Every structure is written in structure tokens, then in C-alpha cells.
Amino acid sequence: MSRIGKKPVELPSGVSASVSGQTIEVKGPKGTRSFTATDDVTLTIADNAVSVVPRGKSKRARQQWGMSRSMVENLVIGVSQGFKKELEIQGVGYRANAQGNVLKLALGYSHDVDFAVPAGVTVTTPKNTEVVIEGIDQQLVGQVAANIREWRAPEPYKGKGIRYKGEYIFRKEGKKK
């Protein structure tokens with residue numbers, strides 16, 4: 001039995017959901033998102049909650065049960081609250097500046113990096129060493145954050161680079177004289 005799959009997903013006020021076949025569409029104050037479940041599960045809406053039930057007792061049906069419930073919950077959280085990732089930039093001369101749909105990064109290269117922000121995600125820079133990525137799609141927000149971090153991942157000796165806020169970087173000791 002899936003402990004995650006058994007719990008129904010509550011719909012907060014201001015969020016509505018509709019099921020047609022294997023597709024669920026969730027509408028909320030931040031936008032609309034949809035998810036198409038596999039044929040191994042059944043999606044139903046009752047008492048202002050979405051429940052996912054497996055069809056059969058196969059291993060695949062049990063796997064899809066918990067995963068589908070998590071996907072539906074992420075849709076509901078996305079359209080009601082949204083998702084957010086925060087990045088910190090550390091290093092002398094390293095900075096970021098959001099200009100419209102382009103994030104300009106100065107990361108110690110001979111040129112500035114222009115990162116094109118995809119649709120569905122907003123990138124802001126409250127300080128020139130902080131980057132905030134927000135959106136209603138958790139996967140897209142996380143992927144954009146990972147792509148930005150990839151330009152200069154934190155190194156273990158001085159800790160310079162782009163890191164997630166609160167991320168611990170294991171530091172190494174340099175050469176001994």
C-alpha cells in the first residue's frame with residue numbers, strides 16, 4: 001500500500017479541478033496546469049479533494065499510484081502558492097542582473113553570460129548576489145535553477161560559485177607547505 005497515494009489531495013479555496021478521462025486540469029489564482037495520468041490509476045474528485053486509486057495490484061499500478069498523487073499535489077501547490085528557488089552567488093566580482101527575459105551573469109569569465117529565461121518562470125535579483133526563480137511548474141523552476149548554477153558550480157577550496165540558498169559546500173584544505 002502506498003502511504004502517499006492513500007491520502008487525498010485537498011483543494012484549497014480558490015482552486016478548482018476537473019477530470020476528463022485520465023487528464024486532470026487544476027485552475028487557481030496563479031494559473032492553470034494539467035497532468036495526464038497513466039492508465040494504471042483512476043483520478044476522482046469528491047468532497048473538494050482529489051483522490052488517486054490504482055487499477056489492479058500490479059507493481060506498475062502501485063508505482064504510478066504514489067507518483068500520480070504527488071504530481072496532482074504539485075499542480076495544486078503550483079497554482080495556489082507557486083514554487084520558488086533561491087540562489088546565492090559568492091566570489092569577488094561575481095554578480096547577477098535581471099533585465100527583462102535575460103539574466104546577465106558576471107562569473108569571472110572573459111565575457112558576461114546572458115541566460116535566456118524560459119516562459120513560465122520569473123527571475124528576479126533582489127541583490128546583485130542573489131537570484132530568485134519563481135513559477136507554477138516545480139520541474140521547470142528547478143531545471144532553470146540547475147541550469148543557472150551549472151555556469152559556475154561552487155568549488156570546494158574557496159567556495160566561490162553559484163549555490164542554492166542554505167546549501168552546504170564541503171570545504172577542502174589546500175596544499176601544505
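In what order do the three strands of the open sheet with β8 stand, and is their pairing parallel or antiparallel? Select β8, β9 and β10 in this predicted model: they form an open sheet in the order β8-β9-β10, and the pairing is antiparallel. Strands here are DSSP runs of E with at least two residues, helices are runs of H or I with at least four, both numbered from the N terminus, and two strands pair if DSSP finds at least two bridges between them.

The edge strands are β8 (95–99) and β10 (113–116), each of which pairs on one side only. Neighbouring strands of this sheet are turned by 20 degrees against each other on average, direction ignored. Next, highlight β9 (residues 102–106), which pairs with β10 in the antiparallel sense over four bridges; the bridge partner of V102 in β10 is A116.

Move on to the open sheet of four strands, with the order β11-β12-β7-β13 and antiparallel pairing. Here β11 (121–124) and β13 (161–164) stand at the edges with a single partner strand each, so one side of each is left without a neighbour in the sheet. Select β7 (residues 83–90), which pairs with β13 over four bridges in the antiparallel sense, and find I89 opposite I162 in β13.

Finally, show helix α3 (residues 138–150), which packs on the sheet and touches β7, β11, β12 (130–135) and β13 (contact means heavy atoms within 4.5 Å). The direction of α3 makes about 10 degrees with that of β7, where axes are lines fitted to C-alpha atoms, for helices over the stretch in contact, and angles run from 0 to 180 degrees between N-to-C directions.

Residues are numbered from 1 along each chain as its sequence is written. Local features need pLDDT of at least 70, side-chain atom pairs count only at pLDDT 80 or more, totals for chains, interfaces and linings use all residues, and side-chain values use heavy atoms, with hydrogens and water left out.
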